[in-house]
Amino acid sequence: NALIHLAGASIAGGRWSASRKNLLRTSRIEATRHLVGALSRLQHPPRVIVASSAIGYYGDRGDENLSETSAPGGDFLSALCREWEAETARGAEFGARVVMLRFGIILAAHGGALPRMALPFKLGAGGRLGSGRQWMSWLTIGEAVGMIRFALANSGLAGPANAVTPNPVRNADFTRILAKTLHRPALFPAWAFALRLALGEMADALLLPSQRVMPSKLEQTGYQFIQPDLAMALAEALRKQA
């Protein structure tokens, strides 16, 4: 009846060499192409497809409020998301309702971005990234599951949908709240040039871009947020790490 498709190599799993970029593309675009093609040949293909995408679709957008109708960015991650979504959308050709959840930064106790972000603070060496003025659009792992379940059940939701809370924060505020939650200082900023030197293109795509994303479609179709408060979300996730 339904397919949930979340597969894809980790965006932050290694420096973006040519071979790594190729893996990111094939594990998303080509894998989705083969999957949707196979489904189209079934006698009874699924009626609903809920698949992952990412807010990387929008690129670096400063203080702009971004909805699902906002234009895409122009970098590698944006192009990757556009092609990925185009392959997923082919499910509509065999009558499926297709939802592409553009996930923000998912906060979870284990895996994902939060353990890596928390480690410098635990060592007493944490701080903002770059200027700290860039917007971060986030959600908890529990919220991500809730949004997937909602997308499966809600016939009024189709196409791209921003999977974030309605409360984006600037990086400086995020790091301040994270430091307070961990009872650590936030005194050591990671300068943009140092991040670019260490991570190359990944720094500008994952750590320094500003993406002030709003969950417009989810709000319009009646989704009830589970945990929209950042301080409470971080406290819960970090408590589970202990």
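This passage walks through a predicted model, from the whole chain down to single residues. Local features were considered at pLDDT of at least 70 and side-chain atom pairs only at pLDDT 80 or more, whereas totals for chains, interfaces and linings use all residues. Residues are numbered from 1 along each chain as its sequence is written, and side-chain values use heavy atoms, with hydrogens and water left out.

The chain contains 9 helices and 10 strands; helices (H or I, at least four residues) and strands (E, at least two) are DSSP runs, numbered from the N terminus. Along the principal axes, the C-alpha atoms fill a box of roughly 60 × 40 × 35 Å. The radius of gyration is 18 Å, which agrees with the value near 18 Å for a compact globule of 242 residues (taken over C-alpha atoms; the globule rule is 2.2 Å times the number of residues to the power 0.38). Of the 242 residues, 48% are buried, where buried means under 20% relative accessible area, exposed over 50%, and partly exposed in between, with a 1.4 Å probe and protein chains only. Among contacts with a separation of 6 or more, 81% join residues 24 or more positions apart; contact means heavy atoms within 4.5 Å. The chain exposes about 11500 Å², and carbon and sulfur atoms supply 57% of this area (Shrake-Rupley method, 1.4 Å probe; for residues, only the protein chains shown count as cover).

Next come the strands. Strand E8 (residues 159-163) is largely enclosed by the rest of the structure, because 5 of its 5 residues are buried. Strand E4 (residues 97-103) pairs with E8 in the parallel sense over 5 bridges, pairing being assigned if DSSP finds at least two bridges between two strands. Here Phe103 stands opposite Ala163 in E8. Strand E2 (residues 48-54) is mostly covered, with 6 of its 7 residues buried. Its parallel partner is strand E1 (residues 2-5), joined to E2 over 4 bridges, and His5 stands opposite Ala51 in E2.

In soluble globular proteins, nonpolar side chains tend to be buried together. The largest nonpolar core in this model has 17 residues, of which Leu107, Leu114, Phe174, Leu178, Leu230, Leu234 and Leu238 touch the most other members. Helix H3 (114-122), H5 and helix H9 (230-241) each supply at least two residues of this core. A second, separate core holds 16 residues, including Val48, Ala144, Phe150 and Leu218. Such a core is a set of buried Ala, Val, Leu, Ile, Met, Phe, Trp, Tyr and Cys residues joined through side-chain atoms within 4.5 Å. Not counting residues up to four places away in sequence, Leu178 touches Leu114, Met117, Ala118, Phe121, Leu234 and Leu238.

Thr175 belongs to helix H5 (residues 171-182) and is buried, at 6% relative accessibility. A polar atom of the Thr175 side chain lies 3.0 Å from the backbone oxygen of Ala172. Beyond its neighbours within four places in sequence, Thr175 is in contact with Phe121, Gly127, Arg128 and Ala186. His183 sits in the loop between H5 and helix H6 (192-199). Although not a glycine, His183 has a positive phi of about 55°, and its relative accessibility of 70% makes it exposed. Thr26, in helix H1 (residues 18-40), is partly exposed at 23% relative accessibility.

Note on methods. A polar contact is a pair of N or O atoms within 3.5 Å; within protein, one must be able to donate a hydrogen and the other to accept it, and residues adjacent in sequence count only if both atoms are side-chain atoms.
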